[in-house]
Amino acid sequence: MSTVDIAPTTVAPHPAPARPRARRGLAAFARDTGIVLVRELRPVLHDPFSVMFGLVQPIVFLALFGPLLVGSLGGTTTGQEVLGGNVWQWFVPSILVMTTLFGTTTTGANLLVELQTGAHERMLVAPLSRASLLVGRALKEMVPIVAQSVVVVLVMLPFGFELHPAGAVVGLALLAVFGVGIGSLSYALALAVRKQDWMFWVVQQTLIFPLMILSGMLLPLETGPRWMQVASDVNPLRYVVDAERALFAGDLAASAVAWGWVAAVVTAAVGLAVGIRTMVRSTD
C-alpha cells in the first residue's frame, strides 16, 4: 500500500504596505540635499574669514551710500513720502537682498572650479538626485548670507533701525526661496559656458546691475522716468525688495509680501527647471 506524501502548505507572509512613492521621494531628496549642503559648508566652516569678508560690501554700501541717501531724500517731502519716516528702514532690507543676490549669482563660479578639477564629475556618479545638487549648493550660500544679515541688522540698530523679529524671520525665509532659484540659474549658466568660463562673468555682470537698479533697491523708482517704472514691473527682484521692506517693517499682511512670495516661488521653480534640464543635458 503506497502512501502519498503531502507537502505542508506554506502561506506567504503578507507584504508590508509600501510607503507612498511621493513620500519616499521627498525623504530621499531631503537626505541628498542635506548631504550636498554639508559637503559645501565644510570649506566655509574651516575658513570662517570668508563669511566676514562677505560683510565688506554691505557695510561699504551702508557707510557710504546710506548717508548720501539720507542727505538727498531723507529731509525732502518727496523722500519722506517715498521712504517713510526712517530711511534706514527702507534701505537696510535692500542691502540684505543685494547681499543675497551677489552671493547666489556666484554659485556657478564655484561649480566652474569643480568642473576644472573633476570634482563635479565625481559628484554626478554618486547616488544623489540632480535637484539636490542644485538646491544644496544654493542653500549653502544662504547660510553665510543669514549670518551676514544678522550682523548687518545688529550694526544698524543703534542708528535707528527697528527690528521686528517675526517679519525678519519670514523675510529671511523668502530670501532663501528666491536664492535657490537664482543659485540654480547661476548653476545652469556655469554648465552652459563650461568651455568658455569667462562668459560666466560677462553674463553675470551684464545682468545683475540693471536688475538691481530696476528693482528700486538703491534709489526709489517713484522719482525716475516712466519707462524705468514700466520696466520694473516685469522685474521679479523688485517684488522681493518691496516684500522685504514690508516684512522688516513688521507689516506681514501687506499685499507686497504676497507678491514677493509669488516672485520668489516662480523664480525658484524656473531656476530649478532650467538648472536640472541643463545638468541632465550636460551629462548625456
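Here are some friendly notes on side-chain contacts and one surface patch in this predicted model.

1. Let's start with the charges. Six salt bridges turn up when the whole structure is searched.

2. With Asp 233, the closest N and O atoms are 2.4 Å apart. With Asp 242, the N to O distance is 3.4 Å. Asp 242 and Arg 238 both belong to helix H12 and are four residues apart, about one turn of the helix.

3. The charged end of Arg 238 sits over the ring of Tyr 239, 5.1 Å from the ring centre. Arg 245 lies over the face of Trp 90, and here the distance to the ring centre is 3.7 Å.

4. Another salt bridge to inspect joins the side chains of Arg 31 and Asp 32, at 3.0 Å from N to O. Asp 32 has a relative accessibility of 5%, so it counts as buried.

5. Turning to the aromatic residues, the whole structure holds seven aromatic pairs. One of them is formed by Phe 161 and Phe 248, a tilted pair with 6.5 Å between centres and 45° between the planes. Phe 161 lies in the loop between helix H8 (130–156) and helix H9 (165–192), while Phe 248 is in helix H12 (residues 236–248), so the pair ties together parts that are 87 residues apart in sequence. Both Phe 161 and Phe 248 are buried.

6. If you like ring clusters, select Phe 61, Phe 65, Trp 88 and Phe 91: these residues form one aromatic cluster.

7. Phe 49, Met 52, Phe 53, Val 56, Val 60 and Leu 64 make a nonpolar patch of about 640 Å². Helix H2 (49–53) and helix H3 (56–74) are the elements that give two or more residues to this patch. Val 60, for example, is placed in helix H3. Because its relative accessible area is 39%, Val 60 is classed as partly exposed.

How values were computed. Residues numbered from 1 in each chain as written. Predicted model: local features only at pLDDT ≥ 70, side-chain atom pairs only at ≥ 80, totals over all residues. Heavy atoms only, no water. Patch = residues over 30% accessible without salt bridge, like charges linked within 9 Å, V, L, I, M, F, W, Y side chains within 5 Å. Areas by Shrake-Rupley, 256 points an atom, 1.4 Å probe, with all protein chains shown as cover. Salt bridge = Lys/Arg side-chain N within 4 Å of Asp/Glu carboxyl O. Buried < 20%, exposed > 50% of the residue type's maximum accessible area, 1.4 Å probe, protein only. Phe/Tyr/Trp six-rings, centres within 6.5 Å; stacked < 30°, edge-to-face > 60°. Lys NZ or Arg CZ within 6 Å of the ring centre and 35° of its normal.
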